[in-house]
Amino acid sequence: MSSTFDQVATIIAETCDIPRDTITPESHAIDDLGIDSLDFLDIAFAIDKAFGIKLPLEKWTQEVNDGKATTEQYFVLKNLSARIDELVAAKSA
Amino acid sequence: MQLEYFQLIDRITDLNLVKQTITVEAQVPQHNTIFEGHFPGYPIMPGVLLIESMAQTSGWLLLALMKFERMPFLAAVKEAKMRGFVSPGELLTVQASILHEGSGYAMTEAKVSVGGKLRSNATITFSHVPFPNQDLRGHMDAVARRIGLPQAVVP
């Protein structure tokens, strides 16, 4: 069974036509991979479907805009993967 | 259909909030300046307007599902297919259903039919935000009444 990061990286590669081998756990979806907010909706859709969750994009965006969080916390892929794991765990709890 | 005001939907004929589906009708006008240019001697409804009709239909479904607390805005159109011409005077049946409800966005699948024959379909993405002002909210309420959105749906 592939890791959450592997699944996310594959989704990003396929959704945004980015070479899979350029996507690492340290990659920042926005700053490094150049994914914009609209493209990220497609990624969020694919992640929601793959993991059976609902990424709280609005909440995250609000936190970043309010200075309560950084984009790194949500959009560096290892952190995004950790958030997904948390959401999956919360759902099955 | 009031093309000059970009209001493509005439009436809602079915709205099912449980199944998350909507069906509307839209009468293509017999005469409109759009048809003078699209195309001279061979008037057909522009494909972008068929897409807009699907977007507006989807939008009404989303408005109803979100209890008019948020306004959906068109964000992306995928897999839009124009499967047949639509001519002046034809009655469109436009249907939409929810493909996915995300956080701050939603995706729908929509189709346009004439006389039971599919003419166009698309997958559409919307971002949605709280109503930016009361003017827009009031306008949407008024249009909702005009096109027959069940009043129980409008808070």
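Biologist: In the hairpin of β4(B) and β5(B), which residue takes a positive phi?

Modeller: Gly104(B) does, near 85°. Three residues lie between the strands of that hairpin. Strands here are DSSP E runs of at least two residues, and helices are H or I runs of at least four, numbered from the N terminus. This is a predicted model: local features need pLDDT of at least 70, side-chain atom pairs need 80 or more, and totals for chains, interfaces and linings use all residues. Residues count from 1 along each chain as written, chains are lettered from A and ligands numbered from 1 in written order, and side-chain values use heavy atoms, without hydrogens or water.

Biologist: And how many residues sit between the strands in the hairpin of β5(B) and β6(B)?

Modeller: Two. There, Gly115(B) takes a positive phi near 60°.

Biologist: How do I read the pairing? Which strands form the open sheet, and in what order?

Modeller: Strands pair when DSSP finds at least two bridges between them. In chain B, six strands run in the order β1-β2-β4-β5-β6-β3, with antiparallel pairing. From one strand to the next, the twist averages 25°.

Biologist: How many bridges join β5(B) to β6(B)?

Modeller: Ten bridges join β5 (residues 105-114) of chain B to β6(B), antiparallel. Met107(B) stands opposite Thr125(B). Ser113(B) has Leu118(B) as its bridge partner in β6(B). On β4(B), eight antiparallel bridges link to β5(B). There, Gln95(B) stands opposite Lys111(B).

Biologist: Why is β5(B) largely enclosed by the rest of the structure?

Modeller: Buried means under 20% relative accessible area, exposed over 50%, partly exposed in between (1.4 Å probe, protein chains only). Eight of the ten residues of β5(B) are buried, so the strand is largely enclosed.

Biologist: Now a residue in β6(B). Is Thr125(B) buried or exposed?

Modeller: Thr125(B) is buried, at a relative accessible area of 3%. This threonine lies in β6 (residues 117-130) of chain B. Leaving aside residues up to four places away in sequence, Thr125(B) touches Leu41(A), Phe73(B), Leu74(B), Ala75(B), Ala76(B), Ala106(B) and Met107(B). Contact means heavy atoms within 4.5 Å.

Biologist: Leu41(A) comes from chain A. Which strands of chain B does helix α2(A) lie across?

Modeller: Helix α2 (residues 37-51) of chain A lies across β3, β4 (91-101), β5 and β6 of chain B. The helix runs at about 95° to β5(B). Axes are lines fitted to C-alpha atoms, for helices over the stretch in contact; angles run from 0 to 180 degrees between N-to-C directions.

Biologist: What area is buried between chain A and chain B?

Modeller: Buried area is the accessible area (1.4 Å probe) that both parts lose on being put together, summed. Here it is about 1,000 Å², with 60% from carbon and sulfur atoms. Leu41(A), Phe45(A) and Glu58(A) supply 48% of the area that chain A buries against chain B, more than any other three residues. The contact takes twelve residues from chain A and 14 residues from chain B.

Biologist: How many salt bridges does the rule find across the interface?

Modeller: Two. The rule wants a side-chain nitrogen of Lys or Arg within 4 Å of a carboxyl oxygen of Asp or Glu. Glu58(A) forms a salt bridge with Arg70(B), the closest N and O atoms being 2.4 Å apart. α2 and α3 (57-65) of chain A each supply at least two residues of the side that touches chain B. α2(A) gives the most, with seven residues.

Key:
Buried area = accessible area lost by both parts, 1.4 Å probe.
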